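Reader: I am new to this structure and would like to be guided through it. Could we begin with the overall layout and then turn to details?

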Amino acid sequence: MAAMVYDWLAVIALSMLVTIINLIIVSYGADFGLFDLTSYDDPSAYLNDQTWFQVELVLWVWLFYAWFWHDGGQTIGMRAWRLKLQRLDGQPLELTRSFKRAAYSLFGLGNLMLLVNPKKKLSVQDALTKTEMIVLTKEQNKQIYLRGIEDPEER
């Protein structure tokens with residue numbers, strides 16, 4: 001749960017960034033006649049009324065989780081709490097499986113299955129995508145974090 005809260009903070013920051021970018025685009029776009037804001041108080045009221053903007057925010061959150069699960073099996077919160085997502089055979093997730101798992105997670109509601117059946121230790125999204133969450137040692141977590149960093153002496 002702590003990793004989820006940690007990730008939600010990152011997702012909130014991502015959502016704020018996406019909103020700021022959209023506000024800038026809508027504001028400048030209105031100046032050039034691309035958006036009609038006459039019936040709205042400001043660009044944020046316009047955005048709040050747009051279905052495409054709500055869908056865009058959901059897509060960015062979906063991409064956030066899918067990408068991190070694919071690229072190392074850990075989100076920011078999972079890294080902090082030494083959790084890793086992998087296939088049941090121990091292999092990393094393919095991008096398609098990551099996208100499916102993110103879709104099936106239902107914004108964390110899929111984890112409620114853990115409360116109903118704690119012995120299996122599988123959430124709804126894990127059961128549907130044949131994945132599992134494991135707890136890493138500090139050394140294993142450090143190795144995942146450092147895997148993409150080159151040794152300075154090899155340059």
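Author: The conversation below goes from the overall layout to individual residues.

Reader: How many helices and strands does the protein chain have?


Author: This is a predicted model. Its protein chain has 8 helices and 2 strands. From the N terminus on, the elements run α-α-α-α-β-α-α-α-β-α.

Reader: And what share of the residues counts as buried?

Author: Of the 155 residues in the protein chain, 30% count as buried. The chain exposes about 10500 Å², and carbon and sulfur atoms supply 64% of that area.

Reader: Among contacts between residues at least 6 apart in sequence, what percentage joins residues at least 24 apart?

Author: The figure for the protein chain is 61%.

Reader: Let us look at helix H5. Which of its residues are buried?

Author: Helix H5 covers residues 95-104, and Ser98, Arg101 and Ala102 are buried in it. These residues cover an arc of only 100 degrees around the axis, which puts them on the same side of H5.

Reader: Which residue just after H5 takes a positive phi?

Author: That residue is Leu106, with a phi of about 55 degrees.

Reader: A change of topic, to charged side chains. How many salt bridges does a search of the whole structure find?

Author: The search finds 4 salt bridges. As background, side chains of opposite charge can pair when their charged atoms come close.

Reader: Which residue forms a salt bridge with Arg101?

Author: Asp126 does, and the closest N and O atoms of the pair are 2.8 Å apart. Arg101 lies in helix H5 and Asp126 in helix H7, so the pair ties together parts that are 25 residues apart in sequence.

Reader: Are Arg101 and Asp126 buried or exposed?

Author: Both Arg101 and Asp126 are buried.

Reader: Which residues are linked in a network of salt bridges?

Author: The network links Arg87, Asp89, Glu94 and Arg97. Within it, the side chains of Glu94 and Arg87 meet at 2.4 Å, N to O. Glu94 also forms a salt bridge with Arg97, where the closest N and O atoms are 2.8 Å apart.

Reader: Why does Arg87 count as buried?

Author: Arg87 has 18% relative accessibility, and buried means under 20%. Glu94, at 29%, counts as partly exposed.

Reader: Now the surface. Which residues form a nonpolar patch there?

Author: The patch is formed by Val5, Trp8, Leu9, Ile12 and Met16, which together have about 510 Å² of accessible area. One of these residues, Ile12, is found in helix H1 (residues 2-31). Ile12 is partly exposed, with a relative accessible area of 47%.

Reader: Let us move to the rings. How many aromatic pairs does the structure hold?

Author: There are 7 aromatic pairs in the structure. One of them joins Phe35 and Tyr46 in an edge-to-face arrangement, 5.7 Å centre to centre with 65 degrees between the planes.

Reader: Where do Phe35 and Tyr46 lie?

Author: Phe35 is in the loop between H1 and helix H2 (43-48), while Tyr46 is in helix H2. The two are 11 residues apart, and the pair links distant parts of the chain. Tyr46 counts as buried, at 10% relative accessibility.

Reader: What is the arrangement of the aromatic pair of Tyr40 and Tyr46?

Author: Tyr40 and Tyr46 are edge-to-face, 5.3 Å centre to centre and with 90 degrees between the planes. Tyr40 counts as partly exposed, at 22% relative accessibility.

Reader: Which residues do ring pairs link into a cluster?

Author: That cluster contains Phe64, Tyr65, Phe68 and Trp69.

Reader: To finish, I would like to return to backbone angles. What is the phi of Arg82?

Author: Phi of Arg82 is near 60 degrees, a positive value in a residue other than glycine. Arg82 sits in the loop between helix H4 (76-80) and E1, and is partly exposed with a relative accessible area of 30%.

Reader: And where does Lys130 lie?

Author: Lys130 lies in the loop between H7 and E2. Its phi is near 55 degrees, again a positive value in a residue other than glycine. Lys130 counts as exposed, at 53% relative accessibility.

Key. Residues are numbered from 1 along each chain as its sequence is written. This is a predicted model: local features need pLDDT of at least 70, side-chain atom pairs count only at pLDDT 80 or more; totals for chains, interfaces and linings use all residues. Side-chain values use heavy atoms; hydrogens and water are left out. Helices (H or I, at least four residues) and strands (E, at least two) are DSSP runs, numbered from the N terminus. Buried means under 20% relative accessible area, exposed over 50%, partly exposed in between (1.4 Å probe, protein chains only). Contact means heavy atoms within 4.5 Å. Accessible areas come from the Shrake-Rupley method with a 1.4 Å probe; for residues, only the protein chains shown count as cover. The arc is that of the directions from the helix axis to the C-beta atoms. Patches are made of residues with over 30% relative accessible area and no salt bridge: like charges are joined within 9 Å, nonpolar side chains (Val, Leu, Ile, Met, Phe, Trp, Tyr) within 5 Å. Rings of Phe, Tyr and Trp (its six-membered ring) pair if their centres lie within 6.5 Å; planes under 30 degrees apart count as stacked, over 60 as edge-to-face and the rest as tilted.
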